[in-house]
Amino acid sequence: LMTMPGRSILPPNRLTQRCIKGSLGVCAWRANFADFLSRLGKTPQNTTEEEELLTLNMTSFQVGKVFLYELGQLGDSNETRAAQFRRDLESFLGLRGKLG
């Protein structure tokens, strides 16, 4: 794969774990939400199948509530979805006023 003249990126099968030299910042594990949710204590980790999905071998810790959203939701042009997102966020934050 060519990224710029004279520089090539590693083959995709080499980019599935942590970032390594030559990855040019492309590392598929960053999209593995299971690892990060597990580290936050948000998955039960009570099956062999789930443990096999975890690749970072990080120690987990318990945190409070976590509000997950996709960045595109912040500027959603669909007013119905945008209003629901704002209500959900208001509720999560315990706000009494309206967002936006």
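User: How many aromatic pairs does a search of the whole structure find?

Analyst: A pair of aromatic rings is described by the distance of the centres and the angle of the planes. This is a predicted model, and the search over the whole structure returns four aromatic pairs. One of them joins Phe-67 and Phe-85, with 5.9 Å centre to centre and 55° between the planes, a tilted arrangement.

User: Where in the chain do Phe-67 and Phe-85 sit?

Analyst: Phe-67 belongs to the loop between helix H2 (48-53) and helix H3 (79-93), while Phe-85 is in helix H3. The two are 18 residues apart, and the pair links distant parts of the chain.

User: Is Phe-85 buried or exposed?

Analyst: Phe-85 has a relative accessible area of 8%, so this residue is buried; the cut-off for that class is under 20%. Phe-67 has 22% relative accessibility and therefore counts as partly exposed.

User: Why is the pair of Tyr-69 and Phe-85 called edge-to-face?

Analyst: The ring planes of Tyr-69 and Phe-85 stand at 65°, with the centres 5.8 Å apart, so the pair is edge-to-face. The angle decides the label because planes over 60 degrees apart count as edge-to-face.

User: Which parts does the pair of Tyr-69 and Phe-85 tie together?

Analyst: Tyr-69 is in the loop between H2 and H3 and Phe-85 is in helix H3, so the pair ties together parts 16 residues apart in sequence. Tyr-69 itself is partly exposed, at 43% relative accessibility.

User: Which residues form the aromatic cluster?

Analyst: One aromatic cluster is formed by Phe-67, Tyr-69, Phe-85 and Phe-92.

User: What does the nonpolar surface patch consist of?

Analyst: Val-63, Val-66 and Leu-68 make a nonpolar surface patch of about 240 Å². Val-66 is placed in the loop between H2 and H3, and its relative accessibility of 35% makes this residue partly exposed.

User: What is the secondary structure of the protein chain?

Analyst: The protein chain has three helices and two strands. Read from the N terminus, the order of elements is β-β-α-α-α.

User: What share of the residues in the protein chain is buried?

Analyst: Of the 100 residues in the protein chain, 16% are buried. The chain exposes about 7900 Å², and carbon and sulfur atoms supply 55% of that area. As for contacts between residues at least 6 apart in sequence, 11% join residues at least 24 apart.

Methods
Residues are numbered from 1 along each chain as its sequence is written. This is a predicted model: local features need pLDDT of at least 70, side-chain atom pairs count only at pLDDT 80 or more; totals for chains, interfaces and linings use all residues. Side-chain values use heavy atoms; hydrogens and water are left out. Rings of Phe, Tyr and Trp (its six-membered ring) pair if their centres lie within 6.5 Å; planes under 30 degrees apart count as stacked, over 60 as edge-to-face and the rest as tilted. Helices (H or I, at least four residues) and strands (E, at least two) are DSSP runs, numbered from the N terminus. Buried means under 20% relative accessible area, exposed over 50%, partly exposed in between (1.4 Å probe, protein chains only). Contact means heavy atoms within 4.5 Å. Accessible areas come from the Shrake-Rupley method with a 1.4 Å probe; for residues, only the protein chains shown count as cover. Patches are made of residues with over 30% relative accessible area and no salt bridge: like charges are joined within 9 Å, nonpolar side chains (Val, Leu, Ile, Met, Phe, Trp, Tyr) within 5 Å. A salt bridge is a side-chain nitrogen of Lys or Arg within 4 Å of a carboxyl oxygen of Asp or Glu.
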